[in-house]
Amino acid sequence: MAAPTTRTGGRAFGRGLVDAALIALCALGIVLTARGAIIPIKAAVAQVLLERAFDRSVAAREPQKPWPWADMAPVARLAIPRLGVDRVVLDTGSGQAMAFGPTLLPGGARLGAPGTTVIAAHRDTHFHFLQRLRLGDRIMAEGLDGRTHRYRVVSTAIVRWDRFAIPEGGEMLALATCYPFDAVRHGPLRYVVFAATDR
Amino acid sequence: MFLPFPLPTRSAAFGVIPAAALLAAVPAVTVMPARAPAASPAAADATAADDGPTNGTLLLRRPGVADALPAIRLGTDMDVTVTGPVARVRVTQAFRNTSGQWMEARYLYPLPEGGAVDGLRMVVGQRVIVGRIHERAQARQIYDQAKAEGRKAGLVEQQRPNMFTTNVANVGPGETVLISIDYQMPVRAAQGTYSLRLPLVIGPRYVPPHSLTSAPAAADADTVTSSPILDPKLRQNLNPVSIAVHLAPGFAPANVISRYHHVRIAGHGDRREIRLASGDVPADRDFELSWRSASADPTIGLFRERSNGQDYVMAAITPPVDDVKRAVPPREMVFVIDNSGSMGGSSMEEAKASLLHALAALRPQDRFNVIRFDDTMTRLFDHSVAATPDQVAVAERFAKGLQADGGTEMLPALKAALADAAVSGTPDMVRQVIFLTDGAISNEQEMLATLGQDGGRSHVFLIGIGSAPNDHLMARMAEIGRGTYTHISTPEEVSARMAALLDTLERPSVRNLSVKVEGMAIDLTPRMLPDLYAGEPLVLLGRTGAVQGTMTISGRIGDRPWSQTVRLADAVPSPAVAKLWARRRIDDVEADRSLGKLEDQAADRQIADLGLEQGLVTSQTSLVAVDETPVRPTGAMLTREELPMNLPAGWDFDTLFGGEAAKAAAANAGTMGERAAQQATAAEALDLPQTATGFLGTLAGGVALLLSGLAGLVLLRRHGSVA
């Protein structure tokens with residue numbers, strides 16, 4: 001251990017630099033992990049709050065905000081008995097609302113109205129179950145008026161986001177999410193499940 | 001990654017047809033004064049320019065609809081003589097004028113792949129007038145002049161190598177004029193089966209708007225699309241055809257089969273007589289006759305003809321079939337499926353069934369992709385993916401959901417299929433592009449040029465779907481793309497033909513073919529030798545001073561070299577070899593033109609010379625027959641009529657002409673599911689939002705960074721303590 005002091009000092013400085021870089025790397029990793037982890041947590045927690053807001057809304061017969069500063073409100077509750085799925089649907093089609101729950105697209109029909117109701121949600125959170133939906137599965141959608149609309153899955157389709165069109169007439173439900181399910185990047189394809197009114 | 005051409009508005013993409021499209025359709029009957037001979041092409045220019053690419057939504061140029069029977073009725077008789085490797089066909093068209101006016105008629109007529117028209121006769125009463133070959137413009141002038149002077153005239157012009165028009169002028173009230181056209185074509189031989197495919201009708205072609213760059217281009221597109229289509233609601237048997245085939249293949253034929261028409265077969269020994277069982281049929285699908293040899297299959301056919309002091313030879317050599325089943329190396333297969341409006345009806349079902357059949361045969365080690373196109377295009381995957389059961393299931397669902405509608409923009413789909421080669425698979429991986437289409441387009445040259453330039457390591461296989469596919473385009477594409485061409489004309493043929501094709505795709509092809517001739521100089525065609533697949537013969541045509549010496553063909557089958565030598569002096573005489581040579585040479589010239597090796601003018605000149613020398617109708621030469629005696633009284637008007645064609649069998653009239661029935665079908669659909677599937681017929685566009693948080697990616701990235709940082713720190717500490 002008789003190295004010249006100057007060299008030792010240089011080495012210590014270099015090591016400090018590497019240390020700092022590695023710590024920064026760790027910090028960045030923690031931030032990214034947190035940002036990634038918050039998404040499913042937010043999605044799950046929001047649903048609990050939304051369920052309460054939905055019950056309040058049904059009782060009040062008008063949309064109630066889930067938390068005071070929210071700029072959206074629940075409009076329906078979606079249930080697939082076979083998969084044990086229960087989701088509260090929000091009223092705006094914005095990306096912000098979609099972090100908390102499936103949203104009703106303004107371009108489609110209102111729930112229970114003639115035409116096709118389109119509900120979209122993220123493929124990796126609320127609509128992850130879409131890939132497990134099978135033809136003939138029953139879907140129930142409860143509106144704010146307390147009425148339950150029953151649907152049955154009749155077809156699925158893979159479309160480009162800008163090549164989708166809803167059929168006119170009839171009363172249908174379309175559930176849309178990104179496709180493919182296990183992709184990491186964003187892509188142009190969407191997976192759509194069509195369900196027809198089940199009488 | 002998307003379309004290299006301007007996107008149509010969404011209403012066009014979803015088949016909501018602007019009313020303007022129907023209004024813009026070319027009128028079925030154009031009335032014009034007799035004394036304005038030049039008015040015809042000029043009028044064509046004007047209409048074509050008007051409803052051309054000016055309106056962005058008006059992508060599909062529609063042929064007109066004939067909702068009344070034409071004044072001129074046409075009957076066709078085909079008399080086919082097969083002698084050895086050549087079929088000679090005489091088509092007699094009887095134009096009967098049922099009106100009280102003097103008429104001019106124009107009829108668009110298909111020609112088989114490799115067919116060459118070399119004779120025209122016009123029969124007026126007791127007189128027969130023989131047509132002469134002239135350069136195209138000159139022939140048109142002769143015809144127009146005769147027409148203006150009130151004399152009977154007939155003109156045969158080529159519009160595409162497999163499409164020509166017959167014009168006949170000054171047909172008097174109640175009169176019948178016979179026009180007879182002679183052509184010859186090679187008999188196709190593959191896997192021991194000989195076949196003859198005679199198209200009887202042309203499917204309406206789609207004209208890509210970008211191809212209408214100039215008035216001549218528009219006029220050219222107009223000539224191939226202006227024939228109106230008879231509305232099937234009239235329930236009329238239009239354009240009846242009778243067919244007789246005199247079969248003398250040079251051996252005892254066996255298994256003589258007509259695939260799409262009922263026939264009666266008579267005769268024995270080396271000869272057969274084949275006639276349609278019902279006398280005549282409407283011209284709405286291809287006629288196909290196939291036969292085999294009762295004895296062993298000949299593997300070499302050598303024929304020659306002496307004409308104009310020169311010898312012409314034709315050699316058909318079939319390389320041995322490699323029957324050993326080997327492990328097939330991993331392949332990349334790109335399926336390109338046409339779901340344009342012309343595929344509506346049974347064609348779409350055949351195409352889907354064929355695609356599903358092929359998808360089912362994929363193995364996990366293969367890579368694949370599916371591209372669909374109408375006037376838009378979708379790539380199922382950005383690049384080819386591994387054929388895992390999941391991915392194949394995705395492709396199957398995608399295929400099942402396809403609906404026929406819209407125009408036929410085939411070029412972007414071809415480019416997309418070829419462009420992916422650069423990033424998918426290794427350079428030595430076998431890459432096969434499989435097209436499922438009817439080829440109903442008018443920009444064939446553009447397709448061939450693109451394929452010639454960008455073909456790369458991809459092999460292109462064509463599956464011609466429907467009752468009247470565009471054979472010429474697909475045969476040429478298969479040749480340039482070093483693949484094969486298969487027909488699937490009825491749903492029953494899907495599994496048999498697909499199984500055969502898939503088998504072909506698994507076997508090594510005969511590659512790197514070369515020809516060496518010793519003992520003489522010979523002008524051989526085709527210049528670009530194709531790759532050959534199981535049981536296909538190499539057909540070579542040559543011109544020389546005097547046939548002698550030998551010809552050696554060599555190549556590689558799989559990884560083994562192969563070669564075969566034939567003595568050319570053994571060739572047996574056969575008619576028409578000279579004309580087939582000229583016809584094939586014209587294809588070479590056109591290929592050089594497509595690939596930019598030859599200037600337009602030089603190519604036109606070479607084609608014109610070949611046409612004049614052999615008396616063939618080509619893009620530059622036409623046959624014209626003119627009666628010397630004026631018959632139409634001075635001052636009587638001449639009415640011009642475009643004779644309507646039948647819609648090819650299995651095509652859906654309503655999908656093609658505005659989707660009325662498609663809407664009705666949607667309304668009547670028993671289940672909502674069917675309605676959902678038919679969303680494209682009556683639909684409202686809706687953009688779907690971005691619906692992926694991608695949190696797993698973020699999470700994984702974060703964890704990876706954290707772990708690498710920690711690992712670095714730990715290592716550093718340990719290193720530090722040791723030091």
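Read along the sequence, the secondary structure elements of chain A follow the pattern α-β-β-α-β-β-β-β-β-β-β, that is, two helices and nine strands. Helices (H or I, at least four residues) and strands (E, at least two) are DSSP runs, numbered from the N terminus. The model is predicted: local features need pLDDT of at least 70, side-chain atom pairs count only at pLDDT 80 or more, and totals for chains, interfaces and linings use all residues. Residues are numbered from 1 along each chain as its sequence is written, while chains are lettered from A and ligands numbered from 1 in the order in which they are written.

Of the 199 residues in chain A, 39% are buried; a residue counts as buried if 20 or more other C-beta atoms lie within 10 Å of its own, as exposed if 12 or fewer do, and as partly exposed in between, with C-beta atoms placed from the backbone. Among contacts in chain A between residues at least 6 apart in sequence, 51% join residues at least 24 apart, a contact being a pair of residues whose C-beta atoms, placed from the backbone, lie within 7 Å. Chain B contains 17 helices and 38 strands, and 53% of its 723 residues are buried. In chain B, residues 24 or more positions apart supply 78% of the contacts with a separation of 6 or more.

Helix H4 of chain B, residues 136–148, has 13 residues and reaches 18 Å from its first C-alpha to its last, close to the 18 Å expected at 1.5 Å a residue; the expected span is 1.5 Å times one less than the number of residues. Its buried residues are Arg136(B), Ala139(B), Arg140(B), Tyr143(B), Asp144(B), Ala146(B) and Lys147(B). Seen down the axis of H4(B), these fall within an arc of 165°, so they line one face of the helix; the arc is that of the directions from the helix axis to the C-beta atoms. On the other side of H4(B), Ala137(B) and Gln138(B) are exposed. The partners of the buried residues of H4(B) include strands E8 (132–135) and E36 (621–630) of chain B. Just after H4(B), Gly150(B) adopts a positive phi of about 80°.

Helix H13 of chain B, residues 600–614, also packs against E8 and E36 through its buried residues, as well as against strand E6 (116–124) and helix H12 (577–594) of chain B. The buried residues of H13(B) are Ala603(B), Gln606(B), Ile607(B), Leu610(B), Gly611(B) and Gln614(B). Viewed down the axis of H13(B), they fall within an arc of 130° and so line one face of the helix. Gly615(B), which follows H13(B), has a positive phi near 70°.

A further helix pair lies in chain B, where the axes of H9 (residues 444–454) and H10 (residues 471–480) come within 10 Å and cross at roughly 10°. That makes H9(B) roughly parallel to H10(B), the term for angles under 35 degrees, whereas those over 145 count as roughly antiparallel, 65 to 115 as roughly perpendicular and the rest as oblique. Axes are lines fitted to C-alpha atoms, for helices over the stretch in contact, and angles run from 0 to 180 degrees between N-to-C directions. Residues of H9(B) including Leu448(B) and Leu451(B) meet residues of H10(B) including Leu473(B) and Met477(B).

Finally, three strands of chain B form an open antiparallel sheet in the order E30-E33-E34; two strands pair if DSSP finds at least two bridges between them. Strands E30 (510–518) and E34 (560–567) of chain B stand at the edges, each with a single partner strand, so one side of each is left without a neighbour in the sheet. Seven bridges join E30(B) to the antiparallel strand E33 (residues 550–557) of chain B, and Glu518(B) stands opposite Thr550(B) in E33(B).

Methods
Two residues are in contact if their C-beta atoms, placed from the backbone, lie within 7 Å.
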